[in-house]
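Keep the sequence and the 3D view open as you go through them.

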Amino acid sequence: MSAPTRTLTAHANGNHRITEPAPVRWVLTTVALVFLALFLALPLAAVFSQAFEKGFGTYLLALKEPDTLAAVKLTLITAAVAVPLNLVFGVMASWAIAKFSFPGKNLLITLIDLPFSVSPIISGLIYVLIFGRQGWLGPFLEAHDIKILFAVPGILLATIFVTFPFIARELIPLMESQGRDEEEAAMVLGASGLQTFFRITLPNIKWGIIYGVILCNARAMGEFGAVSVVSGHIRGITNTVPLQVEILYNEYNYTAAFAVASLLAFLALITLAVKSVAEWNVRENMEP
Amino acid sequence: MKKIITSFTTLALAVSTTVAAFAADVTLLNVSYDPTRELYTDVNKSFATYWKGKTGDKVTIKQSHGGSGKQARAVIDGLEADVVTLALAYDIDAIAEKGLIKPGWQKELPKNSSPYTSTIVFLVRKGNPKKIKNWDDLIKPGVSVITPNPKTSGGARWNYLAAWAFAKHQPGGNDATAKEFVSKLFKNVPVLDSGARGSTNTFVQRGLGDVLLAWENEAFLAINELGPDKFEIVTPSESILAEPPVTVIDKVADKRGTRKVAEEYLKFLYTDEGQKLAAKHYYRPINTKIPTKLAKVKLYTIDQAFGGWQKAQKTHFSDGGIFDQITGAAKK
Amino acid sequence: MKLFTKHHNVLPGFGPTMGYTLLYLSLVVLIPLSALVFKTAGLSWNEFLEAVAAPRVLASYKVTFGAALAAAGINAVFGVLVAWVLVRYPFPGRRLVDALVDLPFALPTAVAGITLATVYSPNGWVGKILEPRGIKVAFTPLGIIVAMTFIGLPFVVRTVQPVIEELDAEIEEAAACLGANRWQTFRRVLFPLLTPSVLTGFALAFARGVGEYGSIIFIAGNMPMVSEITPLLILTKLEQYDYQGATAIATVMLVASFIMLLVINLLQKWSRRYAE
């Protein structure tokens, strides 16, 4: 289940042709915009309106709270570990899958997609089953005093799991559509495998990578369900930003909760902006 | 050469042991339930000062809060808590069953290891528009009651049992009438959050429901945090004596070498200072000399009314138990 | 390596990249998920059935799959409309609106949950208008549908949009020449062309909705039998120390996810072939 993208599409057709009568266009546009306003714009506006309800000073104060800062730090670390790992995997997997044909390709792609559709709760649960005191490795870990669950490693693992397919699923269709003519030509002309990859393939998929990384990053920083199961909720140590939002919300500290939530909303907006730019560039690259 | 290495090793060992002996920088993890956040923030500060004065060591206490059952499960699965301070003994029993706490833990500290008690009261909207005075007002048609899910929330189990006991104490009351009473009560519940805090938020912030069944301290906190002009507290004619117990997790404390400070930390809750903090956060201190502003209520214990937690849990909250029967979740 | 015999392939690196892919996939996805299956395999058939077919569990499937179906249906209708408007009708701020469609991909689910609850609760911006008219959204099954609609919206728009963009103008012109009006053209000519992508988007939104947790728990009432979703029930079981029950239900969900993915991959193949 890939996050559907428009990487494969050509430019929108030029000036259009027959269309609906103006009143119909107006009505349809209005209905679509009202729908989007109700479901997308209003909630987004609500985050910021609640965050700044008590003024900018309170807002800043809420963000400077030590536990919140610790949560921000943990979230940054989590993304800094999960995204590069999945990036390496994404490039490797898309090379193997897009540039070669082999039996069982569809099954492999389905397996890569699996973390997309597995409920986050299940993603957390599996790590409890493996690393929990009563889990497979529980006794071993306890004997060697290695902490995974309810500590930073558990949070990293859960995050890597839920963000696993993002980059691979972005690159596979892109590389498939580009074919392998250019690479083959380079090889015939005597370039080595790595040279071919860095000189030919990488520039071609550059924007696809950026696009995948930014989506992967957004999810890594925003994951709630899976991380909530494995975190242990120790303040200042194992709370990520989304968990901190929940905690503040539960402490009647609504303004602070929404202030921290607005950080994540900002992140979402930046993600959307970068995504739009990347998408535009991918389309440019796709032009023959 | 060998000699040099040996002496280096000895030196390194000596240095490390000295460091350990001098700069004792201890961290404890207190895994607690939902409504104690503010209480333990204060207690931790006071205890750190007290401990520094007594031993010269610096102690930092980390907190983790959530639904009582959820927290106990995390400890069972390996959350390294030095002490737990949960909503009810049943959840600590569950940890003890797994061998993390020695049997008989509840006798380690005075008063069933509960340094403070609480009870269940009603939080209603200002002016009490639905005229809710006592438990039997909760089952009237048109009254919307907010309580968390007894399956996951400790507070909700106290709520449920308090209602049950009230019905049983009525003239002609027995198990059948109590079941009917509680069944009617839960028909009036539109939302079941998984924890006490979730319910308070639903009632207070989302404006849902006419009455919130809440921990007494939670009700006062809601009023203080969110304005006395919006809510008021109704104390029913009788309620249950909730004893939230505390204990050291033996296995963790022994492994981490924190037993002494962990025990002192819990004992600190029984000192005048600890008791005053409990009173300040609207818990009922067990030391009767500590003044409290809380109203006198007729309270009975879980042992008196239900024969202890194990029994209450099995009858009411296990799968297929009475709670499942009244919500229709059990097979008929 | 006789795997790719169809064409002679001069590109190197299949061995190492494939090896790494399989290794990483196994470590991160397959082995952890197998823990779930093995734990469940420890149950007898009867125990398993008892765990996954108890009335409360069945009710939660109904709520989860029912709400996901409804939300995917709403998205199929409005998603196509939004995609159509975005491609065909120029209006000021179109690019901005276009970018905004992806918001549910980027906004963390917990943030989505508390804001949706804020907007749709009886004292919220939208709830305030609906409540006096007798429509309760937050804390009812309707709330679950709203949250699932939110997270599923981009899936439909983003699968249908490129197909609309690529529709050949000549087809519509031909239909017009043959005397069809716009509505007939849409219904008889365009709609069949869009169907595979709409179905794919529908299935994606559905699958996403079924697994969703973060945004729903804040807005659903979480009442057993009425508004309790399956992922929440798994957590609840866990908190009652019922590990076997939790893993058994989780396995059912996992199998459902896998089947949905297979269906989606087939749909995607179909729509790609259809497009060509």
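1. Over all chains, the structure holds 39 salt bridges. Please keep in mind that this is a predicted model. One pair to look up is K151(B) with D324(B), whose closest N and O atoms are 3.0 Å apart. The two partners come from distant parts of the chain, 173 residues apart: K151(B) is in the loop between β6 (145-146) and α6 (154-169) of chain B, and D324(B) is in helix α15 (residues 322-327) of chain B. K151(B) and D324(B) are both buried.

2. Next, have a look at K298(B) and E238(B), which form a salt bridge with the closest N and O atoms 3.6 Å apart. This pair also links distant parts of the chain, with K298(B) in strand β12 (residues 298-300) of chain B and E238(B) in strand β9 (residues 238-240) of chain B, 60 residues apart. K298(B) is exposed, at a relative accessible area of 53%, whereas E238(B) counts as buried at 5% relative accessibility.

3. A further pair in chain B is R259(B) with D254(B), where the closest N and O atoms are 2.8 Å apart. As a reminder, side chains of opposite charge can pair when their charged atoms come close.

4. Now for the interface of chain C and chain B. Here 23 residues of chain C are in contact with 30 residues of chain B. The two chains bury about 2200 Å² between them, and carbon and sulfur atoms account for 56% of it. F139(C), E239(C) and Y241(C) supply 30% of the area that chain C buries against chain B, more than any other three residues.

5. How many salt bridges does the rule find across the interface of chain C and chain B? There is one. The side chains of D319(B) and K237(C) meet in a salt bridge, at 3.2 Å from N to O. These two residues also belong to a network of salt bridges that links K151(B), D319(B), D324(B), K237(C) and D242(C).

6. D102(C) and K275(A) form a salt bridge, their closest N and O atoms being 2.5 Å apart.

7. A few words on chain C itself. The chain has 13 helices and zero strands. Its C-alpha atoms fill a box of roughly 70 × 70 × 30 Å, taken along the principal axes. Of its 276 residues, 61% count as buried. Among contacts in chain C between residues at least 6 apart in sequence, 73% join residues at least 24 apart.

8. Leaving aside neighbours within four places in sequence, its contacts include F35(A) from chain A, along with M148(C), L153(C) and A205(C).

9. Back in chain B, helix α11 (residues 259-268) has several buried residues, namely V261(B), A262(B), E264(B), Y265(B), L266(B) and F268(B). The buried residues of α11(B) pack against β1 (25-33), α2 (37-55), β2, β3 (83-85), β10 (246-248) and α12 (272-280) of chain B.

10. Lastly, the cavities. The structure holds nine of 30 Å³ or more, and about 620 Å³ of space lies in the largest cavity. Of the 37 residues that line the largest cavity, E246(A), N250(A), K70(B), S194(B) and I217(C) are the closest to its centre. Among the elements that each supply at least two residues of this lining are α12 (241-250) of chain A, α3 (68-76) of chain B and α12 (230-239) of chain C. The lining residues divide into twelve nonpolar, 16 polar and nine charged.

Definitions and conventions
Residues are numbered from 1 along each chain as its sequence is written. Chains are lettered from A and ligands numbered from 1 in the order in which they are written. This is a predicted model: local features need pLDDT of at least 70, side-chain atom pairs count only at pLDDT 80 or more; totals for chains, interfaces and linings use all residues. Side-chain values use heavy atoms; hydrogens and water are left out. On a 1 Å grid over the protein atoms alone, a cavity is a set of points where a 1.4 Å probe fits but cannot get out, and a pocket is an open set with protein on both sides within 12 Å along at least five of seven lines; lining residues have an atom within 4 Å of a point. Grid points are joined across faces, edges and corners, and a volume is the space filled by probe spheres set on the points. Helices (H or I, at least four residues) and strands (E, at least two) are DSSP runs, numbered from the N terminus. Ala, Val, Leu, Ile, Met, Phe, Trp, Tyr, Cys and Pro count as nonpolar, Asp, Glu, Lys and Arg as charged, and the others, Gly among them, as polar. Contact means heavy atoms within 4.5 Å. Buried area is the accessible area (1.4 Å probe) that two parts lose on being put together, summed over both. A salt bridge is a side-chain nitrogen of Lys or Arg within 4 Å of a carboxyl oxygen of Asp or Glu. Buried means under 20% relative accessible area, exposed over 50%, partly exposed in between (1.4 Å probe, protein chains only).
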